[in-house]
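Q: I have this structure open and want to go through it piece by piece. Start with how the pieces are named.

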Amino acid sequence: MADVKRAGPVGGWTRVVTARPRLTLLLALLFTALAVVAGSGVGGRLASGGWEAPDSQSSYATSALAQKFPASQPNLVLLVDSRGADVDSAAVAAQGEDLARRLAADPAVSGVTSYWTTHAPVLRAKDGGSAMITARLRGDDDAVATAVKRIAPVYRGKHGPVEVSIGGTAAVRHELQTTIQEDLVRAEMIALPVTLLLLVMVFGSAIAALLPLGVGIVAILGTNAVLRGITEFTDVSVFAQNLTTALGLGLAIDYALFIVRRFREELGAGTTPRAAVAVTLRTAGRTVLFSALTVAASLAAMLVFPQYFLRSFAYAGIAVVLLAAGAALVVLPACLVLLGDRVNALDLRKLLRRRGAAGEPGAGYARFARLVMRRAPLFAIGAVAGLLLLGLPFLQVRFGTADDRQLPSAAESHVVQQHIREEFPGSPDGALTVLTEGAGPAQLAGYQQKVAAIPGVVRIVGPVVAPHSQDAYLTVLPKGEAVDGSTQQLVGRIRAVPTDFRASVTGQAAVLVDSKHAIGDRLPWAAGIIALVTLLLIFLLTGSVVIPVQAVLLNALSLTAMFGSVVWVFQDGHLSGLLGFTATGSIETTLPVLMFCVAFGLSMDYGVFLLSRIKEEYDRSGDHRSSIVFGLQRTGGLITAAAVILAVVMVAIGTSRVANTKMLGLGIALAVLMDAMVVRTLLVPAVMRLTGRASWWAPPVLRRFHDRFGISEGGGAAVPDGAGAPHSEERRDPEPATTG
């Protein structure tokens, strides 16, 4: 074997995996069984919030108000419909008072406010046909969720002359959690059989097709166990389960496709199964390891953000990537050793009358690569212009907060909140609450006058003063909508009012302002982490300082279509009827960050696959142009098949009834397809042709560093300038790369 010394650690690991394959599989089965037990019940431990910045002024104010003034922060709403009568009629009033009295007696409830006890106009519908009872459920997310499950069935439905529906943020979050878990089961039922069918079409063999699914199941079950453990120490978002399924299946399929493809190549060359596995791990195995590290680095960047919604995806993503790579590098090779030539058994393509393109060398991709390189400027300019054009709608993005409109239009809490928005006076969701601490009566009165004089303030309700303390709160009703630009500016103006006591502002607009600030403050760090780690890993793979820069820029460019479509569809509402969601006119602030990190990592996954084969051929021949042809020929069909299968998984996730999950699934599916079919097949060969052999340039000190510490799929040292086969940069149409 070439360059045994540098391949030593991988070769040692190969001996461990191949020497006792049955023991390896037994240990993997034991691990999976333990993961099933450890991960059981994880869905019930996950939370449905996490969009707020926990160290912000609005989060502090919300928490302090919930403790000191529970009625100021209700999270449960009983919408009482009088069924055609007036809410002020004697029978309706008596029933309303009884409902409020019973609710207030519940030990999980505090701060009950009823229209029939306060006669506050904001709690009565404009037509007098309905009114509200609001309350605060005590405790953390788990306690609130438990209380909702117990209380909602008791109060929902007909009570004498009235009918009650349940709303409020606690009900919304409970429905979100339930809906996401139901949708996840449906997505898995859609994705698994379709994925298996596609894998059979790709591999031809039913045996080979089952291997990636096995790797994916190990990764998903293992990640559920990891998430269950993490919930003991911190909050984890329920949305992270969707990423676990999508990445667990998607990356397992990517890695298994690459490894099984190389293993079958080696078998076809006449090597024994153990030798074929050894070569596969020394070549494709290294690429899988680098790819996993690159994807994990992209997802780990979300740990710099304070919102646990984003951090949850980092926890889930890092775990599932490493477990998928581990299963592909340990469990899968053991299976291949035992299967040997039987990996090609049960060829079902004859039944389907299809031929698998990704399993055989792709002459069509080689011809296309030569065509692209002959017209490199034209293809490069056209692809870049097209991607930028698709991304233009993102220039009009408006950020907002997640609310009940994520849910299906028929969901009870969505119906209740929509009724409140349309039928009740003012903008209940848009009010700002100002908590004051340590202000005397005169100070509070002076402060209230200053706030009332700010442009954009319609009126102030309060103050409400806590007994035996100098704590109070004001409710500020803004002129604008809940989270529009004018209300966000009003938050800043209120916070700018000088005081000699503590004043903290919260409300939807304040939460949005603080969330945007937290993301904007940490975004350069996240982008820097992703860029630096990616540049380093691609340099170690290629030995070039030019190719890593190209990879980062082209990867970022591949995401423009995703961001443009997200704004055009989910913000502006195009196709909302077809896709079944309610457009809110804005995009939740954290979602673009999440989608960037996930899609960037997945795109780089395909980039590593392609670049590793190009580098392998360049090390062997030294011919830049034929190396590009070889790389695309050997991986083009593989990357396309992997992208289509991953897109199927993401589209299955995108069938969710929750708008944000739908946006995540469909957006990433589009990004993956654009990367595989535009960036890898058009832009990479065109740009590498334009930069020529300069693509492989590195300063001498970095070249020596790579010679010592770098790796390549071929496992050999990088070819020095002038070594290898003669360079053929003057040839306008290189011959097809060999397929042996």
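A: Helices (DSSP runs of H or I, at least four residues) and strands (runs of E, at least two) are numbered from the N terminus. This is a predicted model, in which local features need pLDDT of at least 70 and side-chain atom pairs count only at pLDDT 80 or more, while totals for chains, interfaces and linings use all residues. Residues are numbered from 1 along each chain as its sequence is written, and side-chain values use heavy atoms, with hydrogens and water left out.

Q: How many cavities of 30 Å³ or more are there?

A: The structure has 6 of them. A cavity is a set of points on a 1 Å grid over the protein atoms alone where a 1.4 Å probe fits but cannot get out, and lining residues have an atom within 4 Å of a point.

Q: How much space is in the largest cavity?

A: About 150 Å³, with volume being the space filled by probe spheres set on the points. It is lined by 16 residues, and Q406, T584, S586, N660 and M663 are the closest to its centre.

Q: Which helix gives the largest share of that lining?

A: Helix 25, with 3 residues. Helix 25 covers 659–691, and strand 11 (587–588) also supplies at least two residues.

Q: And which residues line the second largest cavity?

A: The list is I547, Q550, A551, L554, L611, R680, V684, V687 and M688. Helix 25 supplies at least two residues here as well, and so does helix 20 (546–558). The volume of the second largest cavity is about 70 Å³.

Q: Changing topic. What is the strand order in the open sheet of 4 strands?

A: The order is 8-9-7-10, and the pairing is antiparallel. Strands pair if DSSP finds at least two bridges between them.

Q: Which strands are at the edges?

A: Strand 8 (457–465) and strand 10 (502–506). Each has a single partner strand, so one side of each has no neighbour in the sheet. From one strand to the next, the twist averages 20 degrees, where angles run from 0 to 180 degrees between N-to-C directions.

Q: How many bridges join strand 7 and strand 10?

A: There are 5, and strand 7 is residues 432–437. V434 has V505 in strand 10 as its bridge partner.

Q: Which helix packs on the sheet?

A: Helix 18 (residues 485–495) does, touching strand 7, strand 8, strand 9 (471–478) and strand 10. Contact means heavy atoms within 4.5 Å. The direction of helix 18 makes about 10 degrees with that of strand 7.

Key. 1 Å grid on protein atoms, 1.4 Å probe; cavity = no way out; pocket = protein on both sides within 12 Å on 5 of 7 lines; lining within 4 Å.
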